Amino acid sequence: MSVRISAEYASVRVPATSANLGPGFDSLGLAVRFYDEVDVRPVTYATHVDVEGVGAGKVPTDDNNLVVRALRFGLEAVGASQANFDMRCRNRVPHGSGMGSSASAAVAGLMLARGLIDEPEALNDEVILQLATEMEGHPDNVAPAVYGGATVSWMEAGKAHSAQIHLDASLPVTLLVPPESIRLSTAKAREVLPEMVSREDAIFNISRAALLMLGLTGQRQLLMSATQDRLHQDYRAGVLEDSTAVMRALREEGLPAVISGAGPTVLVLDKLPSHTRNTLRRHGWSVLSPGVDTQGAVPLPLSPLQLH
């Protein structure tokens, strides 16, 4: 018997994520308690997406919406028949900010597909990791969005893999989001990276990434050294001038600050002094202190009234 859509409604919550964490380029990721939520139901009329919050009036509201595309990709992967959808997205994760918004959207759509079909095990976490990675191109944001906490991910024989780090869940996390006028696409951020790096820089990052495993599991005194990087942040300084300046100033104050993903958000694995927070806010930066998400993407209970 083939897989089919059987549920009338599905709802999901997916966390924002931060990739790289300094030295773990394209490998390390962290989920934070800052969420997008999406509800969906199959309908007989044309697909429509109601977007609230981030992206309202800007992102597609039809089948071109990334969440809808991911939902359809999930249904196609398990051989389920397609349908049209009435969807509502409540977006909080800033777009183009280095907080994994596209990974969150991809995982949300795939989780909704799981929630709608009669054989949800066909879209288990491992399958969703693989499918979302196919959409994203790399698993560093996808893995923490699926599993929560801190993850290390890698590709092997064309397949995405992930393992969770036994994270100190009480680790303070601060995200510094610049004004919306300062945004950078991941593609543009990658264009400035070199094709090759020196053996010295490679060894440097390997040692810091290994050290970060200890720092994330409770040895916080290691975090300053463990968040050093030579593979990507310096190369991106020219296209992330404001973010790089903030990151470097914070590190001079003894705070383990890094560029979150491809930027421009800055991630700090610590609390910020009140005067620093106030200064950043005066310059238009948003200062978020969400804490670590340990659940990853989860289904939500849904009342039929939510989609009317």
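Modeller: Contact is taken here to mean heavy atoms within 4.5 Å. With that cut-off, and bearing in mind that this is a predicted model, 22 residues of domain 1 are in contact with 32 residues of domain 2. The domain assignment places residues 10–165 together with 293–299 in domain 1, and residues 174–288 in domain 2, and the C-alpha centres of the two domains lie 24 Å apart. Between domain 1 and domain 2 an area of about 1,900 Å² is buried, with carbon and sulfur atoms giving 66% of that area. On the domain 1 side, Leu21, Pro23 and Phe25 supply 28% of the area buried against domain 2, which is more than any other three residues.

As for polar and charged pairings across this boundary, the count of salt bridges between domain 1 and domain 2 is 0, whereas 8 residue pairs are in polar contact, both residues of each pair being at pLDDT 80 or more. Strand S1 (10–19) and strand S2 (28–43) each supply at least two residues of the side of domain 1 that touches domain 2, and S2 gives the most to that side, with 4 residues. Sorted by class, the side of domain 1 that touches domain 2 has 12 nonpolar, 8 polar and 2 charged residues.

The loop between S1 and S2 holds asparagine 20, a residue that has a positive phi of about 80 degrees although it is not a glycine. Strand S2 also takes part in a pairing of another kind, since aspartate 39, which lies in S2, forms a salt bridge with arginine 90, the closest N and O atoms being 2.6 Å apart. Arginine 90 belongs to strand S4 (residues 84–91), and the pair links distant parts of the chain, 51 residues apart. The structure as a whole holds 13 salt bridges.

The peptide bond from glycine 263 to proline 264 is cis, with omega near 10 degrees, and proline 264 lies in the loop between strand S8 (257–259) and strand S9 (266–268).

Notes:
Residues numbered from 1 in each chain as written. Predicted model: local features only at pLDDT ≥ 70, side-chain atom pairs only at ≥ 80, totals over all residues. Heavy atoms only, no water. Domains from an automatic or database assignment. Buried area = accessible area lost by both parts, 1.4 Å probe. Salt bridge = Lys/Arg side-chain N within 4 Å of Asp/Glu carboxyl O. Polar contact = N/O pair within 3.5 Å; in protein donor to acceptor, adjacent residues only side chain to side chain. Nonpolar A, V, L, I, M, F, W, Y, C, P; charged D, E, K, R; others polar.
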